[in-house]
Amino acid sequence: LKDSKSDWETLNKIGYNEKFWIDNPIVKRTPIEDEVIASFEKDNAFESIFLNTKEQIAFMQSNLRGDVFIENFDVLLRNYNNYNPLEKVFLHTDKETYFSGEMIWYNAYAVLGAFHHFSTGSMEIQVDLIDEDNTIIASRKHKLIEGQGEGNVIIPNDLPEGKYQLRAYTNWMRNFDDNFFFTKTIQLLNTKKKTNTQLSTESKIDVQFFPEGGYAVNGLNGKITFKAIGSDGYSREVKGIIKNSKGETVVPINTIYQGMGFFTLNPQPNETYSAVLNDGSIHKLPETQNEGYSMLIDNLDANNIKVKVQASNVLRSKPFYIIGTINNEKYYQGKFAFNAQSVFNFEIPKNKFPSGVMTLTLFDEQMRPWSERPVFVNNNEELIIQAELEDFNFGKREKVKLKVNLKDVYGTPLSTNFSIAITDADRVYKNSFGTNILTHLLLESNLKGLIENPGYFFSDNKRSTRAKLDLVMLT
């Protein structure tokens, strides 16, 4: 928004006043200005505007121009991205279940930056086949031409049945955490070599606890999410109770979906907490802190992210910043102060952000991060692909004609590159909720750990589905 075409400076001085806007309507008002003015009556929403640039749409506060923190942060983020471009890879395999001795065929894609453009930086991709003991069974390298490639891996004949992992990465990606390499679990069948699956059903259950924002603060209400997994890395369902050091029951716990659940806790000083499961096992909760922030986020609304911030007594008198980034690009910034309030509430509209994982980080004025919370923004921007066969009766090695129609969510026809896998439907099970290029680039490549059936979280936009996806964000 250019100063010559906007009334924001006057707007900030006057504040929201219904009579003023009736008497002084804006003649040249953009659709974005209309949307923001309509939201002014919401608490703490007054000083927020949308800025449009050629590269991004950022939700920002108008009074932060010239702010030292913001200027320094922008310089640091820009320098980091200039020297550390974000690269991701994806393999589209022909199927997910194989027999020993078969060949795994795949198309490879490498993308670069926040907008997932084809990468021209890496000229080669490494593909590994790994067993459950994390041993590399087979490995191949393939050329990438303008971010695209193809190849195969031959599965050795003597491998026993079980789950194996297909891993792919570029040499540039090795500079960063290998948790963000592309990985895909495949099922291997072998009629001659079977594995003993009895151990997996008797495996020990591990429960991990994740206070929202990173830690729990004494005297502040907060959400603690947990996840129960077996030794195979897959989820387990558990029930139990949270007890304090005196053996008193604080709250019951129960998994909700894929071994994940949550409870609220107001931890007290000089107190410790443990989870006692129904099987008798005991799991300690992370230690609490005396100073800090509690950042409670409700992302279940389809249109807005609702944020509630609390602070310990020492920090309540100090201002704080919240920065929101997606793929290392800043899309939200805000500076806030509690003043006389003990709790600070505000909302962040989601419809101007791209889909993906947004990380909200709370900083103090010295640029120290105190709390961090990822949320998923899903604006349902998936392509609409319709495929139709011209004939369903085929002869041996007869040419098959497939008509494909591609549109965006607004019905506009598009052109693109296709990767099509053709497999005998009678021999292969297709998991419709498994990993695909959408789930990997937007979700899995931004989070550590295994996400079971990631396609489920994109199957619809129901409130219950968003709640389950938020458990993934919290764990």
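Residues are numbered from 1 along each chain as its sequence is written, and side-chain values rest on heavy atoms, with hydrogens and water left out. Because the model is predicted, local features need pLDDT of at least 70 and side-chain atom pairs count only at pLDDT 80 or more, whereas totals for chains, interfaces and linings use all residues.

With a salt bridge taken as a side-chain nitrogen of Lys or Arg within 4 Å of a carboxyl oxygen of Asp or Glu, the count comes to 11. One of these joins Arg167 to Asp128, with the closest N and O atoms 3.0 Å apart. Arg167 belongs to strand 10 (residues 162-169) and Asp128 to strand 7 (residues 124-130), so the pair ties together parts that are 39 residues apart in sequence; strands here are DSSP runs of E with at least two residues, and helices are runs of H or I with at least four, numbered from the N terminus. Arg167 counts as buried at 17% relative accessibility, and Asp128 is buried at 1%, where buried means under 20% relative accessible area, exposed over 50% and partly exposed in between (1.4 Å probe, protein chains only).

A salt bridge also forms between Arg373 and Asp470, whose closest N and O atoms are 2.9 Å apart. Since Arg373 lies in strand 25 and Asp470 in helix 7 (residues 463-474), this pair ties together parts 97 residues apart in sequence. Arg373 is buried, with a relative accessible area of 1%, and Asp470 counts as buried at 7%; together with Glu212, the two residues are linked in a network of salt bridges.

The structure holds 3 cavities of 30 Å³ or more. A cavity is a set of points, on a 1 Å grid over the protein atoms alone, where a 1.4 Å probe fits but cannot get out, and its lining residues have an atom within 4 Å of a point; volume is the space filled by probe spheres set on the points, which are joined across faces, edges and corners. The largest cavity has a volume of about 90 Å³ and is lined by 13 residues, among them Tyr215 and Lys223. Strand 13 gives the most to this lining, with 3 residues.

On the surface, Leu383, Ile385, Leu402, Val404, Leu414, Phe418, Ile420 and Ile422 form a nonpolar patch with about 760 Å² of accessible area together. Such patches comprise residues with over 30% relative accessible area and no salt bridge, nonpolar side chains (Val, Leu, Ile, Met, Phe, Trp, Tyr) being joined within 5 Å and like charges within 9 Å, and accessible areas come from the Shrake-Rupley method with a 1.4 Å probe, only the protein chains shown counting as cover for residues.

How values were computed: On a 1 Å grid over the protein atoms alone, a cavity is a set of points where a 1.4 Å probe fits but cannot get out, and a pocket is an open set with protein on both sides within 12 Å along at least five of seven lines; lining residues have an atom within 4 Å of a point.
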